[in-house]
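Good morning, and thank you for joining this group meeting.

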Amino acid sequence: MEAAVSSYVQDLAESMSFHLSSESDVWTFQMLSDFTRYPFFSWGPSIPGWVALLDQDARVIIASPGAMNIAAIWNPEFPVGKAIRITDRQGAQYTLAVYPVKRASGGYVVAAVSWSQLLGGLVGVTRIWPILIVIIGLSSFFAIRLLWSKLVTPLQSLVAEIDSMTLGKDVPDQLGEGTIQEIDSVHSALMRYAQAAVERDNLRNSYVKDVVRAQEQERMDMARELHDGPLQDITALLQQIHMVAMDENKTSRLKRAEIIAKSVVRELRSLCDELAPPWMDLGLSEAMTELAERLAQVYDISVFTDIDEAIREVDVENEKILSLLRIVQEAVSNAVRHGEADEVDIQLRREGDLITMEISDNGKGFDAGDINHETLRVEGHRGLASMKERMSLMNGSLKIASEQGKGTVITASFKS
Amino acid sequence: MSVRILLADDHPLTRSGIAEFVKRESTFELVAEAEDGISAWEQIFTLKPDVALLDIRMPGLDGVTVAQKVKNEGINTAIVMLTSYDAQQYVIASLRAGARGFVLKTVSPKELTTAINTVAKGGLYLDPEVASVMGEQDFIPEQLSVREREVLLLAAKGLSSKEVAKQLFISERTVQTHLASIYDKLGSRNKTEALLLALKYGVVTLEELLDD
């Protein structure tokens, strides 16, 4: 580098001095334009060096840009024809070469290259480079460490949490302190989700338990009814038949047997009605009328029906009719047992394919909140729950409106 | 001249029991037995018996539908519903379909004989057990007023109190009052029972009920 710079300034100064020595005595524009053939006099990209033409008294006759501080560094004792390295008062380093102009007027050509301009900021940087590398290295290390502890580790534990979690059984652990807010909110969303799943699962379990319990209860009730009713009667009937074989008084024995048999038939008939009334085959209007009249007799209350003629025009499936009958049975039973009602009104209306049934009673009423059927069932309101379940199975809806002292209105609607 | 009878029931034991009884009666002639609704209808159509004893629940066609077809075809066969079910709505549905008798299968032979003979002569026979209060007396203790009769007939046709009120230009409340009075006079507990009793006592006729 040093050698290249030295030869560059020497060549430059020598060629200019040679050129100027052969010219006429006067500085002309021609001379200036000749100068401009050198790239340093053009407006081109800046170069790290400059040239200057000095007279005998070291005054600058002409110079390329950047050479104006030559006076500051000029020393008449600079050796001629040889590149030297000097340092100015500001500490900037130059390599320069001086060549005399061999003319009557005398003078010198000075060509120089500034080291600071030649190498620019690079020279400075070379000194702090190792420090920079260390700083960059350290900060990268800390950044990665920070990212690792605040982002990757919490994410990993979150993933592990999700992987190992059984939805509906566990809730994830609290996340350790010191993660970013976003992961924290993902985690708490997950916790809420898991919590909801657990609650839902618990609800479903107690729901299923209750359904099973209700089924078992029904079977027990039915078994008891069969045992206490028809079974006893048929046993009695059998005894009467045995007696007939031995007895003289056949007619009276047979008369008794007939009475017993008839009673068995009645009991079995009402058991059948209880399980699935065959008369629902007759259609919604007739089945509802039949049920209302039966309920009125059973509970000794008034049950009024008000059924649109238009109901007859639609064909309602037996399954749906049965559901409506069950709802009415339950509603009337509730009205009498809990509400102490003595009058129930059943209305059936039809608008297009929408059928609406309204059951209202004159009982005490109760505080009816807007609760869903699962909660109702789990809380032991099995009757209300099954009403809602039945309607939701029919894609219909059931509303219960009641207030203390104001009776109860149950509205069920569905599409036929 | 004996009464020609068709018996339709899908239950073999019940059918043979009733058949045995019918055969024993000298005035009855069992012309056909059917084990489903379709065969019952075909035999009624071809044999034109005087009386058909039909079960309500049968495969193919139910008894009420068979009765309806007989009525629509104008066949002169008197239908008696013979059933296990005591629902009063079955009685109404059967009568609407043109049946002239409704008898439970637990009926005694004596009662069945009466039922067959009654409908064969063009009368109406209803099993006393269908409404527990029925059959205790054969006459109405107190006559219904003209308006009460109208209300009962309309209500019997399936109209709601509101619709009855609209048709008779009276208030719904008045309809309720009339109904209460009708129940009281007939000794019934509800509309259906009132109608059945009114039919039994001859207050209204089957023809009036069927006249839509």
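**Strands in chains A and B**

Seven bridges connect strand β4 (residues 93–100) of chain A with strand β5 (residues 108–114) of chain A, and the two run antiparallel. Strands pair here if DSSP finds at least two bridges between them; strands (E, at least two residues) and helices (H or I, at least four) are DSSP runs, numbered from the N terminus. Within β5(A), Val113(A) is the bridge partner of Thr95(A).

Before I continue: this is a predicted model, in which local features need pLDDT of at least 70, side-chain atom pairs count only at pLDDT 80 or more, and totals for chains, interfaces and linings use all residues. Residues are numbered from 1 along each chain as its sequence is written, while chains are lettered from A and ligands numbered from 1 in the order in which they are written.

In chain A, five strands form an open sheet in the order β2-β1-β5-β4-β3, with antiparallel pairing. Its edge strands, β2 (60–63) and β3 (84–87) of chain A, each pair on one side only.

I turn now to chain B. Strand β4 (residues 78–83) of chain B is largely enclosed by the rest of the structure, because six of its six residues are buried (20 or more other C-beta atoms within 10 Å of the residue's own, with C-beta atoms placed from the backbone). Ala78(B), Val80(B) and Leu82(B) point one way from β4(B), and Ile79(B), Met81(B) and Thr83(B) the other way.

Strand β3 (residues 51–54) of chain B pairs with β4(B) in the parallel sense over four bridges. Four bridges also join β4(B) to strand β5 (residues 101–104) of chain B, again running parallel.

Definitions and conventions:
Buried ≥ 20, exposed ≤ 12 C-beta atoms within 10 Å, placed from the backbone.
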